[in-house]
Amino acid sequence: FPVTIRADKNEALLFDMALETAMRLREMYALEVGQIDLKARTIFLDKSKNGHKRQVPISSVLFKILTGALEGKSENELLFPFWNGTEDLQLVTNRLSHLFADRFEKAGCGELRFHDLRHEATSRIYERTQLSDLEVASITGHKNLRMLQRYANLRASTLVYKLS
């Protein structure tokens with residue numbers, strides 16, 4: 001008996017954005033529309049966890065989704081309705097983490113947490129590109145390259161085929 005999970009459009013966008021960008025949950029729900037530049041295909045983050053500003057590329061998949069999601073929104077409007085702009089950020093993060101934990105539990109993925117989507121997205125960047133660790137860190141916002149070593153190991157398995 002399959003379970004149907006109904007996520008609203010904002011939850012779906014947050015989920016897709018996490019998988020396509022490797023952005024942190026707080027970086028996404030605090031986004032203003034003006035930080036998204038569809039022409040340049042980038043998202044400008046000026047409020048990252050480590051205090052550094054960065055630009056995140058928009059994939060072709062996310063581009064299609066964002067094109068529709070941005071219709072009718074003004075530059076200084078928040079992309080997502082999860083935060084009112086003044087509420088404590090940690091409370092919002094906890095609330096969203098619990099919301100997605102509940103969704104994942106109902107979908108039969110009880111061990112999955114929202115932050116795991118960031119790990120998955122980072123792994124995908126390594127698997128699908130030949131970007132250097134420094135370039136990947138500039139996308140993901142990892143301040144310490146040692147944090148990326150667990151992902152860089154994924155690429156080692158592909159080296160076997162290149163050596164043959």
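**Before starting**

I am working with a predicted model, where local features need pLDDT of at least 70, side-chain atom pairs count only at pLDDT 80 or more, and totals for chains, interfaces and linings use all residues. Residues are numbered from 1 along each chain as its sequence is written, and side-chain values use heavy atoms, with hydrogens and water left out.

**Entry 1: two helices**

I reminded myself that two packed helices are described by the angle between their axes and the distance between the axes. I then looked up helix α1 (residues 9–21) and helix α3 (residues 60–69), whose axes come within 10 Å and cross at roughly 150°. Helices here are DSSP runs (H or I, at least four residues), as are strands (E, at least two), numbered from the N terminus. The axes are lines fitted to C-alpha atoms over the stretch in contact, with angles from 0 to 180 degrees between N-to-C directions. The crossing of α1 and α3 is left-handed, meaning that the near helix is turned anticlockwise from the far one by less than a right angle.

Which residues of α1 and α3 meet? I found Leu 13, Asp 16, Met 17, Glu 20 and Thr 21 on the α1 side, and Val 61, Leu 62, Ile 65, Leu 66 and Ala 69 on the α3 side. Contact means heavy atoms within 4.5 Å.

**Entry 2: salt bridges**

I noted seven salt bridges in the structure. A salt bridge is a side-chain nitrogen of Lys or Arg within 4 Å of a carboxyl oxygen of Asp or Glu. One of them joins Glu 11 and Arg 103 at 2.9 Å, N to O. Glu 11 lies in helix α1 and Arg 103 in helix α4 (residues 89–106), so this pair ties together parts that are 92 residues apart in sequence.

Is Glu 11 buried or exposed? Glu 11 is buried, at 7% relative accessible area. Buried means under 20%, exposed over 50%, and partly exposed in between (1.4 Å probe, protein chains only).

Glu 27 and Arg 24 also pair, at 2.9 Å, N to O. Glu 27 is buried at 5%, and Arg 24 is buried at 14%. Arg 24, Glu 27 and Arg 54 are linked in a network of salt bridges.

**Entry 3: Ile 36**

I found Ile 36 in strand β1 (residues 36–37), and its relative accessibility of 9% counts as buried. Leaving aside neighbours within four places in sequence, Ile 36 has contacts including Leu 31, Ile 58, Leu 66 and Leu 79.
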